Amino acid sequence: MEQWLLATVNGLAYGALLFMLAAGLSLSLGVLRIANLAHGTLYLFGGYIAWEMLRSAGSYPAALVVSVIAVGVLGASLYRLLIAQQGLVHNELGQVLLTVGVLLFLDDLIMVIWGGVPQRIAEPSLLARSVPFGDLSIPFYRLFLIGVALAVGVSLWLFLERTRWGSRVRATVDDSELAACSGVNPRTVHMLIFAGGAGLAGLGGLLGSPVVGLYPGADLEVLILALVVVVVGGMGSLLGSAVGAFLVGVLDTWGKTFFPEFGPYSLFGLMMVMLLLRPTGLLGREVVVRR
Amino acid sequence: MALVVVGPLVDNYTLRLVTDAVIFALFGIGVNLLLGYVGLPSLGHAAFYGLAAYAASVWSKEVVANFWVATAVALSITGGFGAIYGALAVRTRGVYFLMVTLAVAELLRAGAIKLKDVTGGSDGLAAVPRPDLGPLPWKVTDPLAFYYLTVAVFLMGLVSFWLMSRSSFGLALKGVRENEERMLSLGYDAWRLKVAAFVLSALYTGLAGVLHAYHLRFVSPEILSLLTSARALLTAILGGAGTVLGPVFGAFLLTFVEHLVESVTERWMMVLGLLYVLTVLVAPTGLGPAAVRGVQRARVALTRRMGGEPVSATGRGR
Amino acid sequence: MTPALVIDGVEKRFGGFAALAGVSFQVPAGQRRIILGPNGAGKTLLMDIIGGQIRPSRGRVIAFGQDVTRWPAWRRASAGIARTFQLNNLFPSLTVRENLALALRSPANRDNARGREYSEKRMDDLLVLSGLGAQADVPIRDLAYGDQRKIEVLLALHTRPRLLLLDEPTTGLSPAECQGLLDFLRQVDRTVTMLMVEHNLDVAFRLAEWATVLAAGRVIADGPLEVVRANDEVRRLYLGRMLGNEGRSSTHT
């Protein structure tokens, strides 16, 4: 029994992390129609920046702020690059080429600056304890992750539903031409969405490194995980990313804990099942054309 | 034809490079089938490449190193896998399809790392034996002979692809790419066409994978990575998707550019990344079409310069 | 004689809204029928349901005695159904010849004995006849709109259908082109039943023999053209201006 509980908590924590990593990707795919293959690399970059901040400034909050902002700005610039060429909106290949180029560039940059040494950001001492629960002790950090994801989710919801800028975002997502008529600049909103998603990924870099780690190649693994979440949860929907993320996190952790021989196949299987039953994902906005 | 002549003329090192390029070109043809002719951009073709490479290697090492048998086995496995995975994947399109194919390839890669007993894990499989050409009397133990084998296989692939593109099937695929709804209305089962294309594409790519295994005589999980698939997709983008020779041109171009950059700087990844970004900003639909447009513009300018009236591409002077 | 088409109690709901609220009628083989009705009456929706692009919430579609209600769009061609679309739905980067070849080589044609006799030579003949012979090898997207519209109809005809659905075929055509299309359609032989939605009543009335009038998702009149034209309720629907023998018919879209 306790094994299940621990595995479930770990799964939820993993899901929390996946949510932060996948939300940006889901939105950029579903709303902006942009395939950003460098999304995982944003995670890695954010993580390394945070590590650097911690090493030099020693302050966890500072590291958090700097890494999120830095990656957010990087995301915004990437967006400007992506839409610089008008033809890229429906040119998936151009997007692939461009974002792979960015991926290679950033990966090598990370090599140059930080030497490709795998790093691990330790949990801040404040959070590195365990909470007793019956016979178990649950690592507090995991609960913290779940809490952060919930906080992020709720603040995003509040932002979207209760603020003026939030309503602009929602309007643009629903119908960008119409929104433009009422004075909203869709480009700005899109850039905001993209940068926001990037910032979240960067946040994931800092928070997630005790769990996932920072090393060359982590960006691709994170990208894949985020993709599976998007396939399961559906593109373009924050709620979908959340649901998908927690589902994937829990199922994957259960799989690894109780059926370790199956390894990555639980993810593979889940994805195949989704494709079979609901190609648009659980809550996807994208309409799969099937006549 | 140039390929055949070049062989004996260059040294072994360059020969390896050209062999690489030819194998890569075959890979590109496979990707292009799906991309240029059906309109489905796959980011996970490394899955077929790697699967076939592993299958051929394992078979050659454990069972018998006969080229024909190993190839048949590898292609059957790859084709079967392609059929199952394709049946599901072609229900999506565009960006979604891109992502699904990528995920599948990466999951295969994780599997390759995990199944240590079969695949050698992250260390990979080494010492793949030289292919034995079965009933045929020739030996391919030296680079030149292997090169000829590669070229022969490639040419077969190229010709068969060309024939396919001119057939009713090829036309139907283009129809699906242009307007799937109308194809359905005309009576074509688009899903079945897409799956067929998917499997064919897997077979071409798998064939390239087999050659890869015999060429390098080493396979590792890296072969299944995003970068492998992206590179293959690039040959189509660079050379122009939807044409038969486009990816071939792209493959050669890419191989030599990469080689050049690698030998000049250690930071080749960064330089290549920048190059890709610049290419998209300058010529988003690929270098092939851009080159064609450039040539057309030059012709118009030249004609005007000589006092004549430029005739439009359709010969109609509109 | 089996009717070409039987529409039986077809309904289509979107949420709580009934776009089609129980439509029933029969089309005998060989007839030329027009579906009339104001915008929003559900005409194109009905086309989509017959053509297989959309499934009805209720009811049946029976073509030549076969219940095709559950059939996917691509299978309907083998029941002999073909349709044209309101907006040109062609293959832009392929040439005229390639477009038509696609229709000709459709799997639906393979089982169709008449399809097999119809060789590509005849296709070339037809091209010349319709004035497009010179442009056979030009990509569709380079063609003038009027020519594209012609191809739109030719494409559907090349699958040798027994039931041809024409969705506003004269959209965007000049009066001369409309006449050309009319003459062309008049020549199509009686083995092809035609069902059309058309706002250009000039053309429609010279081609159709029978009219079914839809309003707000229901059939409000169904009979020979002359009878329907004289029907008071129908005239009221069109505010009397469009159907009168004395007035010029308008071509509002």
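Predicted model: local features only at pLDDT ≥ 70, side-chain atom pairs only at ≥ 80, totals over all residues.
Conventions. I number residues from 1 along each chain as its sequence is written, with chains lettered from A and ligands numbered from 1 in the order in which they are written. Local features need pLDDT of at least 70 and side-chain atom pairs count only at pLDDT 80 or more, while totals for chains, interfaces and linings use all residues; side-chain values use heavy atoms, with hydrogens and water left out.

Chain B. I looked up the secondary structure and found 14 helices and zero strands (DSSP runs numbered from the N terminus: helices H or I, at least four residues; strands E, at least two). Of the 318 residues in chain B, 56% are buried (under 20% relative accessible area, 1.4 Å probe, protein chains only). I then took contacts (heavy atoms within 4.5 Å): of those in chain B with a separation of 6 or more, 77% are between residues 24 or more positions apart.

Chain C. I traced an open, mixed sheet of six strands, in the order 6-7-8-3-9-10 (strands pair if DSSP finds at least two bridges between them). Strand 6 (81-83) and strand 10 (218-224) of chain C each have a single partner strand, so one side of each is left without a neighbour in the sheet. I also checked strand 3 (residues 32-36) of chain C, which runs parallel to strand 8 (residues 193-197) of chain C and is joined to that strand by four bridges. C:Arg33 stands opposite C:Leu195 in strand 8 of chain C.

Key
Buried < 20%, exposed > 50% of the residue type's maximum accessible area, 1.4 Å probe, protein only.
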